[in-house]
Amino acid sequence: FTSKTLISPKNPIFLHPHLSRISTASMASFERFVDMYDPRLKPKFLRNLLSEYVPNEKQPVTNFLSLPKVVSTIATHKLLSESPLASTEQKLQNKSNSAVDDCVDRLMTLISSDMPDKCWVGICLLGVTCQECSSDRFFASYSVWFNCLLSHIKNPASSRIVRVASCTSISDLLTRLSRFSNTKKDAVSHAAKVILPIIKLLDEDPSEALWESILHLLSTVVILFPAAFHSNYDKVEAAIAAKIFSAKTSSNMLKKFAHFLALLPKANKGDEASWSLMMQKLLISINVHLNNFFQGLEEETKGKKALQRLTPPGKDSPSPLGGLNGGLDDASWNSEQLIATRVSALMFCCSTMLTSSNRSKVNIPVGSLLSLVERLLAVNGSLPQAMSPFMTGIQQELVCLELPTLHSSALELLRATINSIRSQLLPYAAYVVRLVSSYFRKCSLPELKIKLYSVTTTLLKSMGVGMAMQLAQEVVTNASVDLDPTIVEGFDAVSTKTPLLTNRALLQAGTKKRKHSTKSAVEAENSAFEVGLPHNHSNSPISLKIAALEALETLLTIGGALGSDSWRERVDKLLMTTATNACVGRWANAGTYHCLPNKSTTDLVEIQLAALGAFLASLVSPSRVRPTFLAEGLELFRTGKFQAEMKVAGFCAHALMALEVVIHPRALPLDGLPSLSDRFPESSSLASQKQNTPNLNKLNGIAHNGDDLFNRWLAKADTPSNSEIQRTSDMTLPLQETKRLKLGNDLATVVSPSVQDHTDMVVASENVQEADVPEKVSESTVETLGHGSDKDAMVPKEGEDSAVKDSLMEEAGVVTKRESLGESDDDSVPSLQADDFLSSDSDIES
Amino acid sequence: QSENSSLLPSFSEEDREIDMEISIIASSFIDGEIGSWDLKTGKALLKFKPCASPAHGLTAVGDKFLAASQLKASGSSGSIFFWSWNKPQVEVRSFPKEPILALTANSEGTYIVGGGKSGEIYLWEVATGKLLKKWHGHFQSVTCLVFSGDDSLLVSGSGDGSVKVWSLIRLFDDLQRQKGSTHEHYFTEHTMSVTDIVIDYGGCNALIVSASEDRTCKVWSLAKGKLLRSIVFPSAINALALDPCGSVFYAGGRDSKIYIGAMNATSDHCTKVLGSISEESKAITCLAYCAEGNLLLSGSEDGKICVWDPKTRHPVRTFDHGKGPVSNIQVVRKTFVTNLNKTLSSWKRNGASLPPPLEKFEKPEEDGIVIVDPPPFSDVPVYSSYLSADLIDEQVRELQQQGSAATEIEMERLKLEYKKSLQMNDQWQKNYENLLQVVMELQNGVTN
């Protein structure tokens with residue numbers, strides 16, 4: 001056997017897989033390879049795959065399960081690529097070509113087989129071949145492959161799985177074809193051939209799997225070869241509309257059809273007129289449906305007005321969607337549920353049209369879109385006084401059941417509208433703000449509120465500071481309610497459950513003792529009820545909280561500085577509490593959650609990320625005072641950094657980096673630019689002279705104590721300023737002074753030890769308090785350190801415990817914080833003043 | 001012949017490059033032209049003419065086209081001209097109600113704002129040319145207009161020395177407008193005409209710097225709406241440019257010096273000088289900052305444009321604009337898409353059709369339609385994804401799930417049906433037998 005296979009290794013088909021394995025093994029032992037990247041391996045791999053896993057025309061298909069393995073092997077090792085090698089490797093190239101030739105031949109025989117299963121395997125693998133094979137091979141044979149696949153779609157006898165596979169494979173073939181820029185014309189004519197057959201299939205075959213692959217193929221053609229639709233545009237539109245209006249289409253498919261319908265205008269030369277026409281048709285259809293649906297729930301003039309606006313008098317109204325009667329008088333017309341899903345699908349289609357990118361200008365009917373949204377959101381199921389006799393209770397019940405779906409689609413449409421027109425929303429912005437604010441007041445379903453938050457976020461992001469001014473109050477008020485930690489919901493139920501339970505137990509115990517006290521019994525009942533409730537809807541509030549946190553984060557990002565007088569303090573506190581609640585005590589839980597492959601872990605991580613993100617925003621967002629909860633934040637992020645959950649840990653590390661600038665504000669010297677102290681020599685006051693010298697002395701004194709920490713601190717604080725002194729003196733001072741300074745511009749010389757006087761220190765610290773202008777923090781920290789120690793008569797002595805100094809440092813930080821709190825408004829401007837002092841001092845010294 | 005070597009291989013996204021060309025455009029007060037130069041190479045590009053635009057009267061509208069307000073020497077009427085990027089002639093001429101001094105557009109290029117001689121401010125929609133809003137901004141002419149970083153606020157400076165901050169959303173909100181004042185902030189500390197305004201990258205906490213003929217530059221806080229600092233210069237300041245990454249701005253003086261101002265300066269006086277253009281004191285008339293490469297551009301009264309490296313404080317390059325004083329300099333970024341063998345440029349294509357002229361009057365009726373331009377690079381080919389491999393996986397998974405819920409339910413149903421039909425069969429059998437019996441009995445009866 002061995003010798004035989006060795007002699008004729010070209011023969012790929014062995015009688016039995018087992019034998020083939022033996023032969024491969026023996027070949028391997030005969031022929032050695034460099035490593036797993038050796039190109040000589042490729043043809044061998046391919047032949048083995050063919051012989052072992054791909055069925056041939058003689059044997060029945062037994063093992064479908066190995067197919068994914070075949071595909072992944074081909075993709076991993078690029079078995080079909082026939083990569084052009086150096087010409088010296090001609091022999092190898094021939095080998096590899098012939099292996100691929102054999103493979104393609106095998107697939108073609110499979111495709112022409114009568115057995116649907118073999119045919120299916122062949123077609124699927126041909127699709128993979130289209131993706132993987134070399135450009136030369138593809139270019140040479142795509143036409144043959146295409147016709148072969150198309151014949152299966154056209155053939156009425158072919159089975160469903162074969163058709164599904166054919167559609168997918170043709171789609172892949174066209175995708176590959178679109179990358180050849182020199183065959184556009186031929187490609188379009190090929191693509192045009194598939195349209196009618198698959199539209200016919202769409203009408204005839206009720207299988208959803210087939211519909212799906214047909215839609216995929218249609219989408220591919222629309223995106224890559226829009227010209228292929230040409231004269232069939234109306235037919236396609238009609239076929240798709242018929243499916244959307246059909247009562248048999250499942251809601252899942254409805255969405256897919258709607259998505260494709262949104263892409264369709266690209267096919268009609270992709271011009272703005274076809275886009276507008278489609279949008280107009282959709283809006284008319286939606287409004288007509290709503291007129292029926294909302295009968296008795298709103299004034300009839302509303303619907304009439306909406307339609308009038310869409311078809312202004314004097315202009316022809318377009319033919320209804322799909323060219324038919326828009327499915328208006330079919331039997332399903334009376335089913336509220338059907339109308340609602342249909343309207344949702346149409347609105348989804350509008351949203352997709354708005355958000356999918358267009359190649360040309362489009363006229364977006366913002367007025368109609370917004371009034372449609374307003375119309376939908378206005379109906380809440382209540383009956384206007386005058387209307388009540390016209391509606392039965394059952395009708396109202398059915399409508400109310402479907403209203404949330406409609407409201408949700410309306411909010412989605414609103415978001416898409418804002419998204420698509422971005423800055424040009426300006427003339428309508430105030431109207432949208434009122435719409436959103438009023439709906440915030442009405443809306444109580446979590447699902448809708450989440451959507452509403454996302455609308456708000458989009459508004460803030462697209463319109464910026466001006467929008468933040470308008471929406472801040474609304475966002476803050478609502479998010480405060482939704483994030484209120486005292487309301488027991490979802491997650492919080494876990495932590496607050498125990499005290500409540502004991503509470504209740506106590507109360508019940510009390511009632512047992514005093515049986516006549518009915519009042520406390522009622523209370524006990526109530527508290528029991530509160531504990532039980534949260535479990536019913538523990539999932540939605542978490543996502544609601546995440547949405548609220550995201551909205552707050554966006555607000556802080558866009559307009560954090562605006563709320564300094566009003567809402568900022570409240571939001572900062574709220575976010576601190578929320579982040580702490582979401583994280584502390586739950587770090588540990590995360591570990592145990594990991595064992596369970598369920599959703600609760602992701603929920604936990606998501607809310608932690610959202611809470612931490614919003615908290616970071618509140619710490620970093622500009623404000624007039626130092627962030628109040630900076631210490632809490634740093635500690636929280638530090639702990640978070642050690643969590644096993646890498647996303648959270650990663651975010652915490654990022655947060656610490658972002659906060660580093662807050663704790664060590666940088667006033668780095670501007671590269672190459674002169675210093676910014678534009679001080680005339682005479683303007684330097686006496687106070688500022690005294691302010692610095694003693695402090696520097698003090699620093700030196702502390703440093704001499706041999707404290708490592710302080711040495712480092714000193715180094716950090718001084719390096720930039722030291723170098724800046726030089727620059728300052730170089731550039732700002734009159735020539736004489738510069739010269740003088742250069743004689744001894746070392747810091748040590750500047751700080752002469754002669755002024756080391758206790759009274760001076762006191763003066764300095766007082767000056768700090770009185771100073772109008774804030775200091776660079778490193779500087780001011782140091783100064784207040786001196787101040788604190790003076791006051792408490794705790795001047796650090798030699799040999800003193802470093803822990804004391806640590807606490808001093810902390811204290812100093814706190815003092816600084818307070819100080820800047822009380823300080824003038826100027827602190828929003830990062831000041832480089834410390835350097836100014838230094839330079840002016842050096843004048844005097846020298 | 002399929003081995004044709006001219007055949008393009010399947011190119012992927014990496015082969016497509018998006019390239020940016022940075023150029024500067026400059027115009028003059030005196031009848032002349034708009035010059036443009038490539039900043040990298042220094043090559044002179046197209047000249048657009050004729051143009052005589054006042055300071056702050058030249059703007060690139062997004063990367064779509066070029067707009068400049070025109071002042072006639074007679075002074076009673078003015079116009080606004082549009083040029084597309086690839087044609088030197090004026091393509092669209094608009095004639096607003098009064099001469100427009102300051103002209104600016106938001107970064108997307110969807111709105112143009114103009115400040116009139118009377119102090120009125122006009123806001124036009126670019127796509128339709130509609131005058132969307134007109135409001136009274138200042139008591140005297142509007143000298144400069146600047147959008148905030150996110151385009152939601154507008155800062156205007158006037159000849160009467162006032163600086164105002166407007167929220168565009170509020171301007172369009174008629175309800176709120178009726179309630180109270182329309183502006184967000186109103187700064188009146190300048191004593192003479194405001195010549196230039198810049199706003200930094202601080203978002204809602206941004207700093208605004210204004211320059212004035214009163215020899216001061218003032219730093220304002222947007223969030224607080226008040227004056228932070230006032231810096232006195234030795235000469236009147238004509239132009240400002242902002243160093244985006246430091247709290248530093250450059251101020252072009254009438255005494256030909258470029259001063260370096262610090263927003264957080266501690267003193268009231270500024271003496272730091274970056275450099276001066278010429279010995280004979282020709283005033284600096286405009287400044288611009290190019291973030292790419294950190295370059296400062298200055299234009300002066302004698303028609304010279306100078307490119308400075310602020311770090312070394314030396315001029316890098318000079319351009320000659322013409323005789324007249326340079327009234328405007330702007331840095332323009334245009335993006336290209338380079339494919340393997342052809343170069344597409346989105347701005348060239350968009351420039352092919354310019355919008356209609358700007359309208360003179362506000363029109364009350366509103367049709368509720370907004371024209372939205374395609375996003376940049378929408379004409380770049382899209383690639384859809386391959387699906388065959390996924391289909392195989394999916395269908396094989398379905399096969400593997402045999403015996404799972406769906407199949408089992410079906411099986412049970414079939415079993416049940418089978419049982420039913422068996423019973424039915426029995427029933428029929430019985431009926432048949434009964435009938436047969438009856439027939440037999442009848443037959444027997446008949447024969448008997």
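Colleague: Where in chain B does UniProt place the feature "repeat: WD"?
Modeller: The unreviewed UniProt entry places it at residues 100–134, 135–168, 187–230 and 277–318 of chain B; UniProt positions are given in the numbering used here, feature names are shortened, and such annotations may be inferred rather than shown by experiment. Keep in mind that this is a predicted model, in which local features need pLDDT of at least 70 and side-chain atom pairs count only at pLDDT 80 or more, while totals for chains, interfaces and linings use all residues. Residues are numbered from 1 along each chain as its sequence is written, chains are lettered from A and ligands numbered from 1 in the order in which they are written, and side-chain values use heavy atoms, with hydrogens and water left out.

Colleague: OK, and how much helix and strand is there in residues 187–230 of chain B?
Modeller: That span is 0% helix and 55% strand, with its end C-alpha atoms 12 Å apart. Residues 135–168 of chain B are 3% helix and 56% strand, and there the end C-alpha atoms lie 11 Å apart. Helices (H or I, at least four residues) and strands (E, at least two) are DSSP runs, numbered from the N terminus.

Colleague: What about the "coiled-coil region", where is that in chain B?
Modeller: The unreviewed UniProt entry puts that feature at residues 411–445 of chain B, and in the model this span is 100% helix and 0% strand, its end C-alpha atoms lying 50 Å apart.

Colleague: How is chain B divided into domains?
Modeller: Chain B has domain 1 at residues 21–334 and domain 2 at residues 389–434, with bounds that come from an automatic or database domain assignment. The C-alpha centres of these two domains of chain B are 80 Å apart.

Colleague: And which domains does chain A get?
Modeller: For chain A the assignment gives domain 1 (269–317 + 332–442) and domain 2 (477–487 + 540–588 + 602–663), and their C-alpha centres lie 36 Å apart.

Colleague: How many helices and strands does chain A have?
Modeller: Chain A has 36 helices and one strand, whereas chain B has five helices and 30 strands. Of the 846 residues of chain A, 51% count as buried, and of the 448 residues of chain B, 53% do; buried means under 20% relative accessible area, exposed means over 50%, and partly exposed lies in between (1.4 Å probe, protein chains only).

Colleague: Changing topic, what is the average pLDDT of chain A?
Modeller: Chain A averages 73, and 64% of its residues score at least 70, where pLDDT is the predictor's confidence in each residue, from 0 to 100. Over residues 1–26 of chain A the pLDDT stays under 50, and the model has 21 contacts for them beyond four places in sequence, a contact meaning heavy atoms within 4.5 Å.

Colleague: Which residues touch the most other members in the largest nonpolar core?
Modeller: They are A:Leu218, A:Phe229, A:Ile240, A:Leu264 and A:Phe637, in a core of 214 residues. A nonpolar core is a set of buried Ala, Val, Leu, Ile, Met, Phe, Trp, Tyr and Cys residues joined through side-chain atoms within 4.5 Å. Helix 23 (residues 540–559) of chain A gives the most to this core, with eleven residues.

Colleague: What does A:Leu264 contact?
Modeller: Leaving aside neighbours within four places in sequence, A:Leu264 is in contact with A:Val222, A:Phe229, A:Tyr233, A:Val236, A:Glu237 and A:Met278. There is also a second, separate core of 18 residues, which includes A:Val465, A:Ala561, B:Cys144 and B:Phe187.

Colleague: Where does B:Ser162 lie?
Modeller: B:Ser162 lies in the loop between strand 13 (153–158) and strand 14 (163–167) of chain B.

Colleague: Buried or exposed, and why, for B:Ser162?
Modeller: B:Ser162 counts as buried because its relative accessibility is 3%. Not counting residues up to four places away in sequence, B:Ser162 touches B:His138, B:Ser156, B:Gly157, B:Tyr186, B:Phe187 and B:Val194.

Colleague: What polar contact does the side chain of B:Ser162 make?
Modeller: The partner is the side chain of B:Asp160, at 2.6 Å. A polar contact is a pair of N or O atoms within 3.5 Å; within protein, one must be able to donate a hydrogen and the other to accept it, and residues adjacent in sequence count only if both atoms are side-chain atoms.

Colleague: Last one, which residues does a cis peptide bond join?
Modeller: That bond joins B:Lys49 and B:Pro50, with omega about -10°, and B:Pro50 has its place in strand 3 (residues 48–51) of chain B.
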